[in-house]
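Colleague: Could you take me through one part of this model in detail? I would like to look closely at the ligand and what lines it.

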Amino acid sequence: MNDRDAREIKRLQWQCRRGMLELDLLLNHFLQHGYAELDSDARQAFERLLGMQDQILQDWLIGQAIPADAELTALIARIRAAIRTAP
Amino acid sequence: MAAARSLPHRHFDALIIGAGGAGLNAALRLAAADLRVAVVSKVFPTRSHTVAAQGGVNAALANALPDNWHWHMFDTVKGSDYLGDQDAIETMCREAIPTVYELEHAGVPFSRLDNGRIYQRAFGGQSQNFGGEQAARTCAAADRTGHAILHTLYQQNLRAKTHFFDEHFAVDLIRDDEGVTLGALVLDIESGEPLIIESKTTLLATGGHGQVYRTSTNAFINTGDGMAMALRVGGPLQDMEFYQFHPTGVAGKGMLITEAARGEGGYLINSEGESFMERYAPNALDLASRDVVSRSIVTEIREGRGCGPNKDYVLLKVDHLGADVVHQRLPGITDICRVFLGIDPAKAPMPVFPTAHYAMGGIPTDRHARVVAPARHGPEEVVPGLYAAGECACVSVHGANRLGGNSLLDILVFGRAAGTDILSYVTENPHHRSMRDAHLEPAIARLARWERQGEGERVADVKAELRRLMEDHCGVFRDQATMAEGVEKLKALRERIEGVRLRDHSQTFNTARIEALELDNLVDVGMATLMSALHRDESRGAHSRVDYPQRDDERWMKHSLYLREDDRMDYKPVRTKPLTVDSFPPKPRVY
Ligand SMILES: Cc1cc2nc3c(=O)[nH]c(=O)nc-3n(C[C@H](O)[C@H](O)[C@H](O)COP(=O)(O)OP(=O)(O)OC[C@H]3O[C@@H](n4cnc5c(N)ncnc54)[C@H](O)[C@@H]3O)c2cc1C
């Protein structure tokens, strides 16, 4: 991870602090163990995702709904996969 | 760190620390009356923990079954194991009805009955006619009541021109020599710049502190900041030994696995495959009361019959119920297990451990949400200019145990009460008092301490150790020896905080600094919890001790008060007299 990534991750870390534990766990974990591998389009999608309301994020990430935006759908799949594979 | 003199100051009539349901309902009352109101929140307001409340909010509307506020009051007093203050409980149960209608008018989309009235569901602990038939008292906006309430209140506050300081972290309260609260020192998380907010009144509405336990349902933000701020200005915390645990959380993570799993026929097993609840509760089995199930789980683990490589959880089985039942009746649990554990509960058992859920204790207040503390003229003298409401406060409506649906109610009713009282306080005290550099020093010193450079322990390591310590020594299994050892360990850990250092001293988005300040807070509320629990040698409500299994009304019908100075305990009587009706005297609490 380079310095720019490290700074970016610090900024995003606070955006990953949410009102629900499930979101805290999934988003923070992905930020530490998945974000660095994203290309710039996917990073923008991650920012978009963080701009969503908690309840909507919860529905998407836990699997009760699917976003209309295909990029977000793909990202959500990565976030869900990361929580089970990375340490 | 900047010298006190050079810091920017902003002036408001009211400063509200916390943008959950409690803070926003207070702010709305004030902004609507044209006061200058500042709301400070460490996360964006609609990311406050209130958003997680799914079950609903209680009010005796009598839409589904007969009901009235007096029955609601009886249930709440009984649920509190008679430790709740009956004047506050009467206030809450009466106010519940207009509160819910007010939310309805404000646009909260409550679920409806066929006749168009607000739908009400039945929850445990709700009765008709003072302990009779089941009542249905919980109003819900589908399964997103907290979300609906929070968003509605936030929108209304924007319209009323409440001034929001989003992503600002309150560090400490500022007081003058007479003990009057003058505002707070806050930190802009993005820029790292400190700011002084001067205000005629200050409301603490910072929510709970579930993060003090390793396994908790609470979000990361719930670190007891407001409670610790109150302690640091010399105030007490009340009834901190009463913390509600849920028996089945996902082990190592904390999310709830609802009682419905056991209600549908699920049961717990240990490493030997034994259905161990048969030994602890031969009749009720896995549906025994929450504290019995929680303690049984921990006892199994303590005696070496835990599952997994570290033998630190038990298993909850629903796989015998068949995929149809599991997937259709327990969809939420199915999803959680798939995402976090990679298992299908219809095929594999779930690792579970008791999870910390809700704080009954907190900053003592009267029913106008004014902070009270022991002083010259008695145990409940009003601290001028300081208010507290919501989960960080102890008014005390939940006493030794909270009923489901009563905490959203608590935050709304007493948030609003705070607003009402602040209005009259500001009318009577229209001027800002003068703030001198000396008043700022303690707060600035705390910030400066984390600027120290060099080698030292890491915040994350000490925090993990603290959470583990609290779980092991002041969780659901409580006896003298376990807790006394916990106090000693926590005192040692508290000393070590001096040697903890930040690696990162940059300004912008220095989340490490915020986490360090939160750690200070967690240590303080942890000590308040342990000390209060150690001293109460009886079992009441959520505080159940193996060595003192009975409730002892003769000695313990009183509130605990913990003070930070010398880790001192003090006590004050329960307010057993309601406002207009007769008292409910203590009775054995059987359901
Ligand atoms: C999973 C879950 C489900 C629940 N379901 C229900 C339910 O169905 N019914 C019910 O009645 N109750 C329920 N509860 C309990 C209820 O949600 C909470 O008790 C209640 O929402 C607390 O509201 P609050 O306004 O006191 O605080 P919160 O909503 O927690 O808000 C605290 C605010 O303080 C701010 N803050 C904290 N520290 C600082 C600081 N240092 N500086 C600046 N800002 C700060 C935060 O940013 C936040 O805005 C549930 C709890 C959980 C965990």
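Modeller: Happy to! Let's begin with the shell: 37 residues surround the ligand, and the closest are B:S48, B:T50, B:E391, B:S407 and B:L408 (near means a heavy atom within 4 Å of the molecule). This is a predicted model, in which local features need pLDDT of at least 70 and side-chain atom pairs count only at pLDDT 80 or more, while totals for chains, interfaces and linings use all residues. Residues are numbered from 1 along each chain as its sequence is written, chains are lettered from A and ligands numbered from 1 in the order in which they are written, and side-chain values use heavy atoms, with hydrogens and water left out.

By type, the shell holds 13 nonpolar, 20 polar and four charged residues, where Ala, Val, Leu, Ile, Met, Phe, Trp, Tyr, Cys and Pro count as nonpolar, Asp, Glu, Lys and Arg as charged, and the others, Gly among them, as polar. The largest share comes from α11(B), with four residues.

Now for the polar contacts (N or O pairs within 3.5 Å; within protein, one atom must be able to donate a hydrogen and the other to accept it, and residues adjacent in sequence count only if both atoms are side-chain atoms). An N or O atom in the side chain of B:T50 sits 2.5 Å from a ligand oxygen. A ligand nitrogen is 3.0 Å from a backbone N or O atom of B:K42, and a nitrogen of the ligand lies 3.2 Å from a side-chain N or O atom of B:R402.

B:T50 also has a polar side-chain atom 3.1 Å from the backbone nitrogen of B:G21.

Conventions
Helices (H or I, at least four residues) and strands (E, at least two) are DSSP runs, numbered from the N terminus.
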